[in-house]
Each structure stands twice: as C-alpha cells, then as structure tokens.
Amino acid sequence: NGIDNRPIIPYHEKKSISTERTFQTDTIDVKQLKIILSRMVSKLGFELRNSQRLTSCITIKIRYTDFNTFTTQKRISYTANDKTLVNYAYQLFEKLYQRRQLIRLVGVKMSSLVNGNYQINLFDDTMKEIRLLEQMDKIKKRFGTKAVLKARELPELEFWKL
C-alpha cells in the first residue's frame, strides 16, 4: 500500500544568507552606515566560514525614509574573507547611495553559496591576516559573535576625536 510511518524530514540547502537593520530614527550619517555594513558583512562572513561555505554574489539593500527601496549586487570570485567582502560592500553602497536622503534600512545578502573552504589569494592575502581571521573565528565560536570586533566596526567615540 506504500505506507511508511517514518517522519518526513525535509532537506534543502541555504541558497543565500542575509541580514538587515531598520533604524529607530532615519539617518544620513555615512560613517555610521559603513560601520553597520562592516559589522553585517563580518557576521555573514563568520557564518559562511563556520558552515564551510563560500559566496560569489553580494547584494546591498537601502530603503530610504520615503520607503523607496533599492538594491544592487555584484558577482565576485568565491570567497568568505571579510576584508574582500567589506570592500565590495563599500563599493556597492557608494554606487547605490546617490540620493543623499535619510535612510531607514540597510541590508546585506550573500548568495550563490557553495560548499568549500576559503582559498587564500596569493597577491591580496597575507598569512598574518589569515591567522588573525582564524583566531577571531575561534573566539567568536567560544564566546559569541560579539566577543571580538575589528576597529573599523567600532562606533566613533568622542575621545578619539582630538
């Protein structure tokens, strides 16, 4: 009769990962927006490396105060390196943010995911950077994703302005 009492366990691999942030008060502070983008990219990069995945497409999303939403994406070579991904995110943000209007939401999406480990780029990566990324990932796995941040992800503090 074709009866099977085993539970159905659906399986599908993630095709993309993303994060976005809606602000309580709309902002035009480009420095703060770039700090937030950097944190988002680092979070997603850690998630990629932790699940041994690579991305080949990055998308930036902006929603203005009038609810007009714009996105732009770029195909890139497969990577999970924060430095590379942050640079692409900044490029896309600069390309997309043309209206100089208050922003309500900003988001980052990484798609075209494949299984694999990060391949070191002979010309762009140094062993010092790779080891730093590995050690930061170990700390994040043990103490949580907010346990360690790069300096570019820290908010600008008043006493730094001399």
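Analyst: A salt bridge here is a side-chain nitrogen of Lys or Arg within 4 Å of a carboxyl oxygen of Asp or Glu. This is a predicted model, in which local features need pLDDT of at least 70 and side-chain atom pairs count only at pLDDT 80 or more, while totals for chains, interfaces and linings use all residues. Residues are numbered from 1 along each chain as its sequence is written, and side-chain values use heavy atoms, with hydrogens and water left out.

User: OK, how many salt bridges turn up in the whole structure?

Analyst: A search of the whole structure gives 8 salt bridges.

User: Which residue does Arg49 meet in a salt bridge?

Analyst: The side chain of Arg49 meets that of Asp82, at 2.9 Å from N to O. Arg49 lies in helix α1 and Asp82 in helix α2 (residues 82–96), so the pair ties together parts 33 residues apart in sequence; helices (H or I, at least four residues) and strands (E, at least two) are DSSP runs, numbered from the N terminus. Salt bridges that share partners also join Arg49, Asp82 and Asp137 into one network.

User: And are Arg49 and Asp82 buried or exposed?

Analyst: Both Arg49 and Asp82 are buried, where buried means under 20% relative accessible area, exposed over 50%, and partly exposed in between (1.4 Å probe, protein chains only).

User: Switching topic, which residue pairs with Lys61?

Analyst: Lys61 forms a salt bridge with Glu20, at 3.1 Å from N to O. Lys61 is partly exposed, at 21% relative accessible area, and Glu20 is partly exposed at 44%.
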